[in-house]
Amino acid sequence: MFAAAVAFPVFAQRAVNTPAIEELQDRIAAVQLPLHSAATPRYVELGFEVTKHGRSKRVRVLDASAGLERAGEKHFTQLVAGRMFRPIMKDGVFPDSVPVVVRYHYP
């Protein structure tokens, strides 16, 4: 079972470190891997856990577009590994960790 994204109250949104998330998205978008034609959509689907402290752990590639080599998979997992994310609250408490799946599209 995977956690659903829940809107945070306004006071919590101000405390979110959005520049770090935007930086991560920019770095993923800037990846230039020699794969296949630009007409074919390219993506990597990553599964990881977000701890109650907001750290990502156990990052792994779940799915990827055809042609992504092992070096590309390693690159994407390293981009996410150890990054900070907003902790997910369930029923008013922060569980030790919550599984998350994200699909990143890249050029």
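This is a predicted model: local features need pLDDT of at least 70, side-chain atom pairs count only at pLDDT 80 or more; totals for chains, interfaces and linings use all residues.
## Starting from Tyr104

Which residues make the most contacts inside the largest nonpolar core? They are Leu46, Phe48, Phe76, Val80 and Tyr104, within a core of 15 residues. Two or more core residues come from each of helix H2 (18–29), strand E1 (42–51), helix H3 (70–80) and strand E3 (97–106). E1 is the top contributor, giving four residues to this core. As general background, nonpolar side chains tend to be buried together in soluble globular proteins.

## The overall layout

Stepping back, the protein contains three helices and three strands. Read from the N terminus, the order of these elements is α-α-β-β-α-β. The protein has 107 residues, and 29% of them count as buried.

Its accessible surface is about 7,100 Å², with carbon and sulfur atoms accounting for 56% of that area. Among contacts in the protein with a separation of 6 or more, 72% are between residues 24 or more positions apart.

Strand E1 is mostly covered, with ten of its ten residues buried. Arg42, Val44, Leu46, Phe48 and Val50 point one way from the strand, while Tyr43, Glu45, Gly47, Glu49 and Thr51 point the other way.

How many bridges join E1 to E3? There are ten, and the two strands run antiparallel. One example is Val50, whose bridge partner in E3 is Val98.

E1 also pairs in the antiparallel sense with strand E2 (residues 56–64), here over six bridges. Leu46, already met as one of the core residues with the most contacts, has Val61 as its bridge partner in E2. Gly47 stands opposite Arg60 in E2. The two strands E1 and E2 form a hairpin, with four residues between them. In the turn, Gly54 has a positive phi of about 90 degrees.

Is Glu49 buried or exposed? This residue of strand E1 counts as buried because its relative accessibility is 15%, and the cut-off for buried is under 20%.

One is with Arg58, at 3.1 Å, and another is with Ser97, at 2.9 Å. The Arg58 pair is also a salt bridge, with its closest N and O atoms 3.1 Å apart. Arg58 itself is exposed, with a relative accessible area of 54%, whereas Glu49 is buried.

Leaving aside neighbours within four places in sequence, the residues in contact with Glu49 are Arg55, Ser56, Lys57, Arg58, Ser97, Val98 and Pro99.

In the whole structure, a search finds five salt bridges. In general terms, side chains of opposite charge can pair when their charged atoms come close.

Arg103 forms a salt bridge with Glu45, where the closest N and O atoms are 3.1 Å apart. Because Arg103 lies in strand E3 and Glu45 in strand E1, this pair ties together parts that are 58 residues apart in sequence. Arg103 is partly exposed, having a relative accessible area of 39%, while Glu45 counts as buried at 19% relative accessibility. That value falls just inside the buried class, because the cut-off is under 20%.

Arg103 forms a salt bridge with Asp63 too, with the closest N and O atoms 3.7 Å apart. Here the link is between distant parts of the chain, as Arg103 is in strand E3 and Asp63 in strand E2, 40 residues apart. Asp63 counts as partly exposed, at 30% relative accessibility.

Which residues are linked in a network of salt bridges? They are Glu45, Asp63 and Arg103.

Methods. Residues are numbered from 1 along each chain as its sequence is written. Side-chain values use heavy atoms; hydrogens and water are left out. A nonpolar core is a set of buried Ala, Val, Leu, Ile, Met, Phe, Trp, Tyr and Cys residues joined through side-chain atoms within 4.5 Å. Buried means under 20% relative accessible area, exposed over 50%, partly exposed in between (1.4 Å probe, protein chains only). A polar contact is a pair of N or O atoms within 3.5 Å; within protein, one must be able to donate a hydrogen and the other to accept it, and residues adjacent in sequence count only if both atoms are side-chain atoms. Contact means heavy atoms within 4.5 Å. Accessible areas come from the Shrake-Rupley method with a 1.4 Å probe; for residues, only the protein chains shown count as cover. Two strands pair if DSSP finds at least two bridges between them. A salt bridge is a side-chain nitrogen of Lys or Arg within 4 Å of a carboxyl oxygen of Asp or Glu.
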